[in-house]
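The structure is shown first.

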Amino acid sequence: MTSRNQNQKQEHTGSYYAATVNEVTDYAPLQGSHETDVCVVGGGFTGVATALTLAERGFRVTLLEANRIGWGASGRNGGQLINGISGLGKVAKAQGADAGDMLWDLGWRGNAIVLERIRQYGIACDFKEGFVEVALKDRQLADLEGYAEERERRNWPYRYELWSREETRERLGTKTYVGGFACYRDGHLHPLNLCIGEARAAAGLGVAIHEQSPVMDIRHGDRPVVKTEHGEVRANAVVLAGNAYSRLEPKHLSNLVFPAGSYIIATEPLAEETVARINPLDLSLIHISEPTRPRLVSRMPSSA
């Protein structure tokens with residue numbers, strides 16, 4: 001996260017995730033002049049994953065974060081690891097089956113990367129497999145059946161289930177839904193612990209991470225210079241990964257971004273008998289309410 005005008009650096013907001021982190025990060029602020037191959041601005045999922053990927057490929061990387069690793073939406077989102085690129089059917093119809101297949105594979109690539117990094121780097125982030133999309137109306141059942149048919153056509157190697165009305169009601173403890181489609185390649189997790197764990201893995205591969213280091217300016221040139229209040233980084237390339245908080249290049253980025261909203265609420269810890277009644281399989285859940293807004297629900301670990 002970074003902002004040209006942000007002078008007051010901040011700690012994590014009060015949240016379940018911040019209260020249950022495995023470790024509290026304390027990377028030193030940037031001081032003095034430094035040289036690197038790539039300077040990444042922003043310590044959320046995009047910036048941390050970029051830094052880790054580059055380090056895995058042998059690049060020298062410096063990552064600058066204005067506040068703390070995962071301070072923005074990366075550390076306080078719904079925690080769902082769910083595949084999805086909308087409009088695959090329309091793309092395939094307009095561009096051909098090969099384009100549709102490419103996007104299908106791309107849509108699952110993120111899941112594969114995250115799951116592999118959790119395993120490879122031993123990131124404890126409460127990952128639980130399983131996600132169910134449910135239908136509110138009978139006319140929506142065709143969409144769920146289409147999901148199953150698509151996986152059957154592609155010889156999908158991962159577990160999935162098409163739930164009947166009775167199975168859905170039994171497994172979710174409600175009569176609201178008329179059917180469901182469960183995919184066990186998706187799931188839910190603790191996003192802040194994931195982001196912090198990936199940052200730890202990046203630091204272990206030599207990435208220089210600096211928190212409390214908001215970027216004030218970037219001086220362009222053959223080797224751009226990224227400037228903070230107390231230091232600067234000269235790099236061969238700069239990656240801006242500040243998402244909604246970036247204010248450094250408004251002229252260049254204004255037509256390349258769009259607003260997105262995420263609305264998260266949490267209950268108090270539920271009694272075990274209540275959990276056993278409403279979500280005994282501990283699945284992430286989504287339904288589509290009228291007209292097209294998805295609703296996401298996840299159960300936090302029992303330690304919440």
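In this predicted model, Asp282 has a relative accessible area of 9% and therefore counts as buried, the cut-off for that class being under 20%. Asp282 is placed in the loop between α9 (272–278) and β11 (284–289), and its phi is near 55°, a positive value in a residue other than glycine. Most residues other than glycine have a negative phi. A positive phi also occurs at Asp126, which is not a glycine either and has a value of about 60°. Asp126 is found in the loop between α4 and β4 (128–135), and at 36% relative accessibility Asp126 counts as partly exposed, whereas Asp282 is buried.

A further loop residue, Val178, lies between α6 (165–172) and β6 (179–188) and is buried at 10% relative accessibility. What does Val178 touch, if residues up to four places away in sequence are not counted? Val178 touches Ala135, Leu136, Lys137, Asp138, Leu141, Ser164 and Arg165.

Turning to helix packing, helix α3 (residues 88–95) and helix α4 (residues 97–120) pack at an angle of about 150°, and their axes are 6 Å apart. On the α3 side the contact is made by Leu88, Val91, Ala92 and Gln95, which meet Ala97, Ala99, Gly100, Leu103 and Trp104 in α4. The residues of this contact divide into 7 nonpolar and 2 polar, with no charged residue.

Two of the pairs are listed below.

| Pair | Centre to centre | Angle between planes | Geometry |
|---|---|---|---|
| Trp104 and Trp156 | 5.7 Å | 80° | edge-to-face |
| Trp156 and Tyr158 | 5.0 Å | 70° | edge-to-face |

Because Trp104 lies in helix α4 and Trp156 in the loop between α5 (141–153) and β5 (160–163), their pair ties together parts that are 52 residues apart in sequence. Are the residues of these pairs buried or partly exposed? Trp104, at 9% relative accessibility, counts as buried, and Trp156 is likewise buried, with a relative accessible area of 12%, whereas Tyr158 is partly exposed at 34%. Together with Trp108, the residues Trp104, Trp156 and Tyr158 form one aromatic cluster.

Arg76 lies over the face of Trp71, at 4.7 Å from the ring centre, while Arg159 lies over the face of Tyr184, where the distance to the ring centre is 3.8 Å.

At the level of the whole chain, there are 9 helices and 12 strands, and of the 304 residues 41% count as buried. Among contacts between residues at least 6 apart in sequence, 75% join residues at least 24 apart. The chain exposes about 16700 Å², of which carbon and sulfur atoms supply 52%.

How values were computed: Residues numbered from 1 in each chain as written. Predicted model: local features only at pLDDT ≥ 70, side-chain atom pairs only at ≥ 80, totals over all residues. Heavy atoms only, no water. Axes fitted to C-alpha atoms, helices over the stretch in contact; angles between N-to-C directions. Helix = DSSP H or I, 4+ residues; strand = E, 2+ residues; numbered from the N terminus. Contact = heavy atoms within 4.5 Å. Nonpolar A, V, L, I, M, F, W, Y, C, P; charged D, E, K, R; others polar. Buried < 20%, exposed > 50% of the residue type's maximum accessible area, 1.4 Å probe, protein only. Areas by Shrake-Rupley, 256 points an atom, 1.4 Å probe, with all protein chains shown as cover. Phe/Tyr/Trp six-rings, centres within 6.5 Å; stacked < 30°, edge-to-face > 60°. Lys NZ or Arg CZ within 6 Å of the ring centre and 35° of its normal.
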